[in-house]
Amino acid sequence: MRASVYYLFICGIGLQLTLGFAAVVVDAICQIVQRHGAECQVHRVQTADGYQLTVQRIPSPRNQSCSPLLQPFVLMHGLIGSAGDFVAAGRAGALAFQLHARCFDVWLPNARGTTQSRRHRTLSANEAAFWDFSWHEIGVYDLPAVVERVLHVTGQGRVHYVGHSQGTTVLLVLLAQRPAYNAKFASVSLLAPIAYLQHLSSPPLRLLASDPGGGVMLLLNQLGLHELLPATSLTQVGGQLLCSPLLPTFALCMLITSLYVGFSEYPLDRSIFPRILETTPAGISRGQLLHFGQLINSGNFQQYDYRSTQLNLQHYGQTTPPSYQLKNIRLNLMLFYGNRDALSSRRDVQRLVRELSNCRIKLFQVRGFNHIDFLYAASAPQRIYKHIIQQATEWEINK
């Protein structure tokens, strides 16, 4: 099994090397939005540490029935994903369109290093230094920069927030590290939340995590790779062909995906897989992968371990990385997890709920859902999104 996991991992690296890191730069997210008849804007946001992010915006419909006083929504994607995660399911199924239909102004950030956020004030994406980050930096730099821009452009005082997977992780990081930002969130919904990963059951991810700094990282060092799974013309076209619902290889695509995210009780619409591959994978840093591996192995939700006493002392003033102080988070939260999710397990989510001791939490178990059903399942609007919309609407009425 370990050999097969390394094979899949190396295949992705091989595609990366074959194309020489030529990234796809077309704004596929706005193309999808416009294809469904909605307006799409592109905003550039620079972080305090110099990363230049692309944020797509779907403004609220321009009609008199929509109130201009609604707080905007920020939807934050997960690992290897992008803003495309929230529009790929189309007008009838995607969260961004569901919110837009109810008059909300929707903002879709792309974290540093993803297809549309590969610029920096002084660094090139071809330099190793550009990729020297994990999801910690996305939480303490990217997310606050996006929130501040959204509030500045809209003139509103708070945002509604929905995060999926890593998009939940980075919000927890932001609020734990910079608790003043609690005041900038109106409602918060966390889909497939990731903080504790002790009971993760995904076979490929657990095997990769069992070899920290070993074979995979040695290979990356030898190849000089710091970016993983970028979007390239080859990966997009190859994925579209191999995962076409008309081909027998579609079953293999679904099997590989299910091994990573869990086996859903709700078969994915065969037509949606090629649409997902229009924007996924969008690229990550090796630091993001290592940091999540660290959570699996340690069982703790903590900052990045440099695996060096000297470096940990230099960064933290102690020999081990500090845990994130979740007691700093003081919000009303809704958490949704699936009982078929191979990443966000019931026991780990329940531990997160216990650690969020200063929050009022509504916890929903979604029967049959795996890790990506929250984005793409045909039943997600009725089983998940209606609760998100109801919470935001109640907040707007009572503000």
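What follows is a chat about the predicted model shown above.

Reader: What should I know about numbering and cut-offs before I dig in?
Author: Residues are numbered from 1 along each chain as its sequence is written, and side-chain values use heavy atoms, with hydrogens and water left out. This is a predicted model, where local features need pLDDT of at least 70 and side-chain atom pairs count only at pLDDT 80 or more, while totals for chains, interfaces and linings use all residues.

Reader: OK, how many helices and strands?
Author: The protein has 16 helices and eleven strands. Those are DSSP runs numbered from the N terminus: helices are H or I with at least four residues, strands are E with at least two.

Reader: And what share of the residues is buried?
Author: Of the 399 residues, 56% count as buried. Buried means under 20% relative accessible area, exposed means over 50%, and partly exposed is in between (1.4 Å probe, protein chains only).

Reader: Which residues form a nonpolar patch on the surface?
Author: Leu252, Leu255 and Phe263 do, with about 280 Å² of accessible area together. Patches take residues with over 30% relative accessible area and no salt bridge, joining like charges within 9 Å and nonpolar side chains (Val, Leu, Ile, Met, Phe, Trp, Tyr) within 5 Å. Leu252 sits in helix 10, residues 249–261, and is partly exposed at 48% relative accessible area.

Reader: Switching topic: is Ser189 buried or exposed?
Author: Ser189 is buried, with a relative accessible area of 1%. This serine belongs to strand 7, residues 185–191.

Reader: What does Ser189 touch?
Author: Leaving out residues up to four places away in sequence, Ser189 touches Tyr161, Val162, Gly163, Met334, Phe336, Ile388 and Gln391. Contact means heavy atoms within 4.5 Å. Across the protein, 77% of contacts between residues at least 6 apart in sequence join residues at least 24 apart.

Reader: Which residues of helix 2 are buried, and what do they pack against?
Author: In helix 2 (residues 28–35), Ala28, Ile29, Cys30, Ile32 and Val33 are buried. The buried residues of helix 2 pack against strand 1 (41–46), strand 2 (51–58), helix 4 (95–101) and strand 4 (106–109). Just after helix 2, Gly37 has a positive phi of about 80°.

Reader: How many salt bridges are there?
Author: A search of the whole structure gives nine. The criterion is a side-chain nitrogen of Lys or Arg within 4 Å of a carboxyl oxygen of Asp or Glu. One of them pairs Arg35 with Glu278 at 3.5 Å, N to O.

Reader: Why care where Arg35 and Glu278 lie?
Author: Arg35 is in helix 2 and Glu278 is in the loop between helix 11 (272–276) and strand 9 (284–285), so the pair ties together parts that are 243 residues apart in sequence. Glu278 is partly exposed, at 21% relative accessibility.

Reader: What about Glu39 and Arg62?
Author: Their side chains form a salt bridge too, at 3.0 Å, N to O. Glu39 lies in the loop between helix 2 and strand 1, and Arg62 in the loop between strand 2 and strand 3 (73–76), so the pair ties together parts that are 23 residues apart in sequence. Arg62 is exposed at 68% relative accessible area, whereas Glu39 is partly exposed at 30% relative accessibility.

Note on methods: Areas by Shrake-Rupley, 256 points an atom, 1.4 Å probe, with all protein chains shown as cover.
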